[in-house]
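Thanks for coming, everyone. I'll take a few minutes to walk you through one structure. Have a look at it first.

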Amino acid sequence: MPDTPGRAEAARGTYEPYRSTLLSPERVRELSRLRPWRAGADALVCWLCIAAAWGAVALWPTWWIVLSAIPVVGTRYYALFIIGHDGLHRRLMPRRSANDLFTDLALYGPIGAITHINRMNHIDHHDFLASALDPDRHRHGCFNKADRWALFRYLTGLASIIQSMKNVFGSGTTRARRAAPPTEDTAYHARDVAILVGWQALLLGGLTWGIGWWAYPVLWLAPVFLFTVLGDNLRSFLEH
């Protein structure tokens, strides 16, 4: 029997007794308090580590420095990516506009993502976790990793990238499948394009000028793919 929004609501209701007993209301309020300064400080530290790794390669462009810089760049960007999760939930800044601007500029813009466009897909994941309406179910289940080709596509990240792009940009989103109107503005605006183009110009131009033609793919694309795309796939599968 296929999952429906009603069944998803019923499934969420089964966890209510645990939500009310595991954490006191006071503890929930404490954990829910916004700390914008902490998000800003953590993001700054991560970017300083990334810049330091790039700077080390620019000063000493040896193979072992390059190999050492790749995990630094990859893991520190993945840390930014994790902070961005709270940005998708608009839990970093008190005002929605400030939250989205910070998330786009400091966290997700470098990989071509915009908060108000990607948020709907992520919220649907939480609302319909593990059901047929969960847009990220392909990342968490075993059903699509049963044969060698499917496992290869999962391990290389191909399946996740293609499906995620369909979810965000295509017609296969859960809200489209249940014929509900979108809760977010899903159109790109001049501000969004400026952030995306500006980041790629800065990364491509800066790394090429400061290090060499190979720096952008080796010291940005490869670390992000290895430690954010593949790393997040593995974490999500094990965690869920």
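Let's start with D192, which is buried, at a relative accessible area of 1%. One caution before I go on: this is a predicted model.

Where is D192? It lies in helix α12. What does its side chain make a polar contact with? The side chain of R191, at 2.6 Å. Now leave aside the neighbours within four places in sequence. D192 is then in contact with I114, H116 and A187.

T186 is found in the loop between α11, residues 174-177, and α12. Along the chain, T186 and H116 are 70 residues apart, yet their C-alpha atoms are separated by 6.8 Å. Beyond its neighbours within four places in sequence, T186 is in contact with I117 and M120.

Next, another loop residue. R90 sits in the loop between α5 and α6. R90 counts as buried, because its relative accessibility is 14% and the cut-off is under 20%. Its side chain makes a polar contact with the side chain of D100, at 2.9 Å.

Now a helix, α4. It runs over residues 36-59, so 24 residues. From first C-alpha to last, α4 reaches 34 Å, close to the 34 Å expected at 1.5 Å a residue. Which residues of α4 are buried? A39, A43, C46, W47, I50, A53, W54, A56 and V57. In an α-helix, residues three or four places apart point the same way, because there are 3.6 residues a turn. What do the buried residues of α4 pack against? Four helices are listed: α5 (63-88), α6 (96-108), α12 (190-210) and α13 (215-239).

On to the two ends of α9, residues 148-155. At the start, a side-chain oxygen of D147 reaches to within 3.1 Å of the backbone nitrogen of W149. After α9 comes G157, with a positive phi near 85°.

Last stop, the surface. L22, L23, V28 and L31 make a nonpolar patch of about 370 Å². Take L23 from that patch. Its place is in the loop between α2 (16-22) and α3 (25-32). L23 is partly exposed, with a relative accessible area of 39%.

That's the tour. Questions, please.

Terms used. Residues are numbered from 1 along each chain as its sequence is written. This is a predicted model: local features need pLDDT of at least 70, side-chain atom pairs count only at pLDDT 80 or more; totals for chains, interfaces and linings use all residues. Side-chain values use heavy atoms; hydrogens and water are left out. Patches are made of residues with over 30% relative accessible area and no salt bridge: like charges are joined within 9 Å, nonpolar side chains (Val, Leu, Ile, Met, Phe, Trp, Tyr) within 5 Å. Accessible areas come from the Shrake-Rupley method with a 1.4 Å probe; for residues, only the protein chains shown count as cover. A salt bridge is a side-chain nitrogen of Lys or Arg within 4 Å of a carboxyl oxygen of Asp or Glu. Buried means under 20% relative accessible area, exposed over 50%, partly exposed in between (1.4 Å probe, protein chains only). The expected span of a helix is 1.5 Å times one less than its number of residues. Contact means heavy atoms within 4.5 Å. A polar contact is a pair of N or O atoms within 3.5 Å; within protein, one must be able to donate a hydrogen and the other to accept it, and residues adjacent in sequence count only if both atoms are side-chain atoms.
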